[in-house]
Amino acid sequence: MPLVTSESLLLDAQRNGYAVGAFNVENMEMAQAVISAAKEEHSPVIIQTTPSTTKYGTLPVYSALITCLAEQAGIPVALHLDHGDSFELAVQAIREGYTSVMIDGSHLGFEENIELTKSVVRVAYAIRIPVEAELGKVRGKEDGRQADKDEYTRPEQAREFVERTGVSSLAVSIGTAHGVYSGIPKLDIVRLTKIQREVAVPLVLHGASGLKDQDIQNCISHGICKVNFATELRIAYSNAAKNTFNKTPDVFDPKKYGTVGREEVKAQVKSRMRVCGCCGKG
């Protein structure tokens, strides 16, 4: 089926108390793995690329690839720009066929974040493309940008931000981190509950790679409707390739390690979809 927007997926998740898994892909094999997992689990899915990924492979290539795979799959698939770092990139993604974009102004001041987000919303909503934004800072390194400490989302600011920008969904900072966790994360569920009370749009959890299943499900029960997974998929794919070279160091056919990498990513995605409760919702 044709690509769908993330808004339709997230609103259903919000109404029915589950979350849609959003999975970052780097290459064809990872994209195939995510959609194959979604098809087998009969789950809606959001496939994401970051600015560095699109610089590596280009927006038109990823758009064509995901569009083709989605048409063959027969389940709802949205293609999302994750952590869009400029107005220009967000608009280019929309022009190339992305059905959802994030504009990340979390590194800016509150007013500057609002103005940047509003500029993207004006363009995107003219053709009914939903926009995700971020308020607060999620610790860790994401696509070359480093946040050394958390700056938790303030519930009262979240309400003002959503009202003034008109975003479709909001990524919040409650104690998760991008990348690999160095310790046990302490999630501020009380803060998340307060944000949910203030904000009507679906909420997004970044930095879910490495979180325990129970922590993710607890966040979903308090308003999270989209959960992002990136680092753990990269690790699964890379470890599969490393193991292949360790076992057969003379291998030179990329399809050999691409195949095992695809299977490892697929297994990880299916596991996370079950945690999010989106299986059978497609």
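Reader: Why is Arg128 called exposed?

Author: The model is predicted, and the value is computed from it. Arg128 has a relative accessibility of 74%. Exposed means over 50%, so Arg128 counts as exposed.

Reader: Where is Arg128 found?

Author: Arg128 sits in the loop between helix H6 (110-126) and S5.

Reader: What makes the phi of Arg128 worth a remark?

Author: Phi of Arg128 is near 60°, a positive value, and the residue is not glycine. Most residues other than glycine have a negative phi.

Reader: Which phi does His42 have?

Author: The phi of His42 is positive, about 50°, and His42 is not a glycine either. His42 belongs to the loop between helix H2 (28-41) and strand S2 (45-49).

Reader: Why is His42 called partly exposed?

Author: Its relative accessible area is 40%. Buried needs under 20%, exposed needs over 50%, and partly exposed lies in between. His42 is therefore partly exposed.

Reader: Now the annotated positions. What marks Asp82 in UniProt?

Author: The UniProt annotation "active site" covers Asp82, and the entry is unreviewed. Such annotations may be inferred rather than shown by experiment. In the model, Asp82 lies in strand S3 (residues 77-84).

Reader: How do you know whether Asp82 is buried or exposed?

Author: The relative accessible area of Asp82 is 3%. The cut-off for buried is under 20%. Asp82 is therefore buried.

Reader: What does the side chain of Asp82 make a polar contact with?

Author: Its partner is the side chain of Asn24, at 3.1 Å. A polar contact requires N or O atoms within 3.5 Å, so this pair counts as one.

Reader: Which residues does UniProt list for "binding site"?

Author: His83, His178 and His206, again from an unreviewed entry. His206 is found in the loop between strand S9 (203-205) and helix H9 (213-220).

Reader: What makes His206 buried?

Author: A relative accessible area of 1%. Buried means under 20%, so His206 is buried.

Reader: Which residues is Glu134 in contact with, beyond its neighbours within four places in sequence?

Author: Among them are His83, Asp104, Asn113, Phe161 and His206. His83 and His206 are on the UniProt "binding site" list. Glu134 itself lies in strand S5 (residues 131-135).

Reader: Why does Glu134 count as buried?

Author: Glu134 has 2% relative accessibility. The threshold is under 20%, so Glu134 counts as buried.

Reader: How do you know that Asn113 reaches Glu134?

Author: The side chain of Asn113 reaches the backbone oxygen of Glu134 at 3.0 Å. The limit for a polar contact is 3.5 Å. Asn113 lies in helix H6. At 2% relative accessibility, Asn113 counts as buried.

Reader: Which other contacts does Asn113 have?

Author: Leaving aside neighbours within four places in sequence, Asn113 is in contact with residues including Gly105, Ser106, Leu135 and Phe161.

Reader: How far apart are Glu134 and Thr50?

Author: They are 84 residues apart in sequence, and 15 Å apart in space, C-alpha to C-alpha.

Reader: What makes a polar contact with the side chain of Thr50?

Author: The side chain of Thr53 does, at 3.0 Å. Thr53 has its place in helix H3 (residues 51-57).

Reader: Why is Thr53 called buried?

Author: Its relative accessible area is 3%. Under 20% means buried, so Thr53 is buried.

Reader: Turn to the helices. How do H7 and H8 pack?

Author: Helix H7 (residues 155-165) and helix H8 (residues 189-198) pack at about 30°, with axes 8 Å apart. Their crossing is right-handed. The contact involves Pro155, Ala158 and Arg159 of H7, with Arg191, Lys194, Ile195 and Glu198 of H8. By class, it has 3 nonpolar, no polar and 4 charged residues.

Reader: What angle do H10 and H11 make?

Author: Helix H10 (residues 231-247) and helix H11 (residues 254-276) pack at about 145°, with their axes 8 Å apart. H10 passes H11 in a right-handed crossing. The contact residues include Leu233, Ala236 and Phe245 of H10 and Gly258, Val265 and Arg272 of H11.

Reader: How many residues of each class does the contact of H10 with H11 have?

Author: The contact has 10 nonpolar, 4 polar and 4 charged residues. Gly counts as polar in this scheme, so Gly258 and Gly261 of H11 fall in the polar class.

Notes: Residues are numbered from 1 along each chain as its sequence is written. This is a predicted model: local features need pLDDT of at least 70, side-chain atom pairs count only at pLDDT 80 or more; totals for chains, interfaces and linings use all residues. Side-chain values use heavy atoms; hydrogens and water are left out. Helices (H or I, at least four residues) and strands (E, at least two) are DSSP runs, numbered from the N terminus. Buried means under 20% relative accessible area, exposed over 50%, partly exposed in between (1.4 Å probe, protein chains only). A polar contact is a pair of N or O atoms within 3.5 Å; within protein, one must be able to donate a hydrogen and the other to accept it, and residues adjacent in sequence count only if both atoms are side-chain atoms. Axes are lines fitted to C-alpha atoms, for helices over the stretch in contact, and angles run from 0 to 180 degrees between N-to-C directions. A crossing is left-handed if the near helix is turned anticlockwise from the far one by less than a right angle, and right-handed if clockwise. Contact means heavy atoms within 4.5 Å.
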